[in-house]
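Welcome, and please open your viewer. We will go from stop to stop, selecting one part at a time and looking at what is there.

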Amino acid sequence: MSETGKVDAKEFLRPILFGLAEEDLEELAAAAVQRFYPPGATIIREGEEGNAVYFIVEGSVEVVKQFENGTERFLHTSGPGEPFGEMALLQEGGRTATVRAIEPLTVLEIGREPFLKVLARSPSLSVRILVRLTGRLRDADRQAIEDLSRANEELTRALKQLKRLDQTKTDFIQVSAHELRTPVAALLGYAQMMQQHPKVREDPELSMLVDGVVTSTRRLHRVFNSILDVSKLMAGGLRVIRNPMSVASVFETLQIEFQEVLEERRLSLELVGLDALPPYSGDPDLLYKVFYHLVNNAIKYTPDGGRITISGRTVDVDDLGKCLEIVVEDTGIGIAPEDLELIFEKFYRTGEVALHSSSTTKFKGGGAGLGLAIAQGIVKAHGGRIWAESPGYDEETCPGSRFVVQLPLQQEAVALPGG
Ligand code: ADP
């Protein structure tokens, strides 16, 4: 640099662009403008159009990449003799990173036109730039791999910790639900005894109060049972005890169980083709729960006067083989397409529904959002699958919903001793 602080561009560029023809060097030097930037100044901004390349005379810069969330990632620093900003010129695109001075900076700025003109006729300059770009790619590659493996390690650690926490939570839920269910079961027993007591039966007011206690306790008992079921499913502790059973008889029991509410809500429940189903080897208690939740939901999400149809058939399914297929269909409010899969997540409930404490068989009555998660877990434990179909959600037109359960018959042959 001269005493006036002005650099001799040609002599400065000569060693940097070693091998460049004299007239090319002269042309670049003639186009070069010397600029000074204070520390912190931005020379290139990511996304802007690239219209010049820079050669650092003195000082240094940091190159950073900016992310949409406002954070930025440091890529590298460059110092005296190094160029920056050539990428966008070569790609004819926007700047791919931001470059900032990290100390007082002097650069030679060469405009796009003269730089590309010299580049086009100078193999030496092209090779030099190519080598530089390749080097940078290799550095970026190494850094990306390092970053990835670091992130991977962190994720693995976090996953382990999450699994431990999840287990603790599952254990806690299971123990609490179990501990709470026992006294509630006793409470329910006493309340039912009181319900039958002559003194209570004779007194309508007392009788109404005791009925209320029985209904609420029964509901509490059911909720704890559901929580216990879900926690068992989460912990993978669900035991399927297979026995030859008739699916039809499960629905006959359910029909009796829901008879009162069906009448109250003027809902018809029709069973189609269930008697003709072959015997199935499954866990009757668990499958009862599956269909209990499906029928309960059909009742809950169908307005008074609606129709619930339960049909059964055997079907051949590509990956499951011969299956029992049971469909619970209603003329209710239906389910939006985006919810068809999500409703099987635990605690997932769609739209506005009544308070959770309201009756579970009232139209849009309460529920913990566990029924379908339990049903899915049990069906899967039987090697089967369950899904929902619906034209959509509409409380005015009530397009209805279908819940399809497929239970493979073949698998039982494998699972049964001697089968
Ligand atoms: P809950 O009924 O206790 O909320 P579920 O797991 O049984 O929990 O159901 C999850 C959600 O799926 C319900 O909140 C409801 O939005 C939707 N759903 C389930 N069955 C039906 C049905 N037959 N018709 C319309 N929506 C349903």
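Predicted model: local features only at pLDDT ≥ 70, side-chain atom pairs only at ≥ 80, totals over all residues.

## Stop one: two crossing helices

Select helix H7 (residues 204-234) and helix H10 (residues 371-381): their axes come within 10 Å and cross at roughly 45°. Axes here are lines fitted to C-alpha atoms, for helices over the stretch in contact, and angles run from 0 to 180 degrees between N-to-C directions.

Residues are numbered from 1 along each chain as its sequence is written, and side-chain values use heavy atoms, with hydrogens and water left out. Helices (H or I, at least four residues) and strands (E, at least two) are DSSP runs, numbered from the N terminus.

## Stop two: helix H9

Now select residues 284-300, which form helix H9. Its 17 residues reach 24 Å from the first C-alpha to the last, close to the 24 Å expected at 1.5 Å a residue (the expected span is 1.5 Å times one less than the number of residues). Is H9 largely enclosed or left open? Of its 17 residues, 13 are buried (under 20% relative accessible area, with a 1.4 Å probe and protein chains only), so H9 is largely enclosed by the rest of the structure.

Next, pick Asp-283, which caps the N-terminal end of H9. One of its side-chain oxygens lies 3.1 Å from the backbone nitrogen of Asp-285.

## Stop three: the sheet

Select the four strands of an open sheet, in the order S2-S7-S4-S5, with antiparallel pairing. Strands S2 (42-44) and S5 (72-78) stand at the edges with a single partner strand each, so one side of each has no neighbour in the sheet. From one strand to the next, the twist averages 30°.

Walk across the sheet from S2, which pairs with S7 (residues 98-101) over two bridges; two strands pair if DSSP finds at least two bridges between them. Find Thr-42, opposite Arg-100 in S7. Arg-100 is also the bridge partner of Glu-62, and S4 and S7 are joined by four bridges.

Finish with S4 (residues 61-66) and S5, paired over six bridges. Here Gln-66 stands opposite Glu-72. Five residues lie between the strands of this hairpin, where Gly-70 takes a positive phi near 95°.

Key:
Buried < 20%, exposed > 50% of the residue type's maximum accessible area, 1.4 Å probe, protein only. Polar contact = N/O pair within 3.5 Å; in protein donor to acceptor, adjacent residues only side chain to side chain.
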